Amino acid sequence: MKRLAFAVLCLAVCAPCLRAQSAEERKATVTYLRELQAADGGFLPAAPDPAGTRLTKSSLRSTSSALRALKYFHGEPRDSRAVAAFVEKCFDKSTGGFADVPGGKPDVVTTAIGIMAVVEVKRPTEPYADGVLTYLGSNVKGFEDIRIAAAGLEALGKKAEQADAWLKDVAKLRHEDGTYGTGNGAARDTGGAVVAVLRLGGEVPHEDNVVKTIKSGQRDDGGWGKADAKGSDLESSYRVMRCLHMLKERPADVDKLKAFIAKCRNKDGGYGTAPGQESGAGGTYFAAIILHWLEEK
């Protein structure tokens, strides 16, 4: 009887961590995200602190994250027209790329994020397509560039002429068993690389080893993390969950992952990228999309 009572008590204590967001929690998160929208239409990466010691300004990266988080938490920006205008102002016609802020210098990451943001604000991609293809094709260097460029091109619905060359570059990082990386970072590295391959239209050899490596890489805290890091983080967890989702797989322990995400949630309704970290647009997006995938049947 004592054991039964103890088990019931444990379930009662753990239940809030294992369920999805309640309606009130979801509403609070949407409110948090909406309040990140600034006067210029873009979104801040995090809320300004009350003391005013942290200066923040709108960025394309945080705007894209906030827009996607709002979508998965069933919310809308306070001013949809203003955010669309902000995204458009980040486009640099002279290079075909997107900058993180209007008038800034484009790079591969912000260009890929920019075309994804165009899709999120429901604007036609045709005015940007040729420029983005040219910019990414000329400037991608290294795996991280390939990974984010593949995501941008997927959103654009286009294939770069360099896709086959990029796939060969990724293949150079692959082990004979189909996995990537080493040690406790193998799950993150494998997930990120396999997603890039799939987005570029490549084949995934030894898919069973890929799934096994990712599932067995789930840490005791319920998430996944970077190589040599003790704890997990939502960005790493996003990378592996994106891979599992594309391979139509689920994590070994869904409840532990939900509990980890719950620990990343803060009183303001937003999420940090790890437990104890302050809320931000990026962390809230990672939480939103992972929870969305977990809630899918």
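The lining of the largest cavity splits into four charged residues, two polar and two nonpolar (Ala, Val, Leu, Ile, Met, Phe, Trp, Tyr, Cys and Pro count as nonpolar, Asp, Glu, Lys and Arg as charged, and the others, Gly among them, as polar). This is a predicted model, where local features need pLDDT of at least 70, side-chain atom pairs count only at pLDDT 80 or more, and totals for chains, interfaces and linings use all residues. Residues are numbered from 1 along each chain as its sequence is written, and side-chain values use heavy atoms, with hydrogens and water left out.

Back to that cavity (a set of points on a 1 Å grid over the protein atoms alone where a 1.4 Å probe fits but cannot get out, with lining residues having an atom within 4 Å of a point). It holds about 60 Å³, taken as the space filled by probe spheres set on the points, which are joined across faces, edges and corners. Among its lining residues are Arg147, Tyr238 and Arg242. Helix α9 gives the most, with four residues.

The second largest cavity has about 30 Å³ of space. Helix α13 (residues 281-295) contributes the most to its lining, with four residues, and the lining as a whole includes Gln21, Tyr72 and His292.

How far can you trust the coordinates? Mean pLDDT (the predictor's confidence in each residue, from 0 to 100) is 92 for the chain, and 91% of residues reach 70 or more. Over residues 1-18, though, pLDDT stays under 50. Where pLDDT is low, the predicted coordinates should not be read in detail.

Methods
Contact = heavy atoms within 4.5 Å. 1 Å grid on protein atoms, 1.4 Å probe; cavity = no way out; pocket = protein on both sides within 12 Å on 5 of 7 lines; lining within 4 Å. Helix = DSSP H or I, 4+ residues; strand = E, 2+ residues; numbered from the N terminus.
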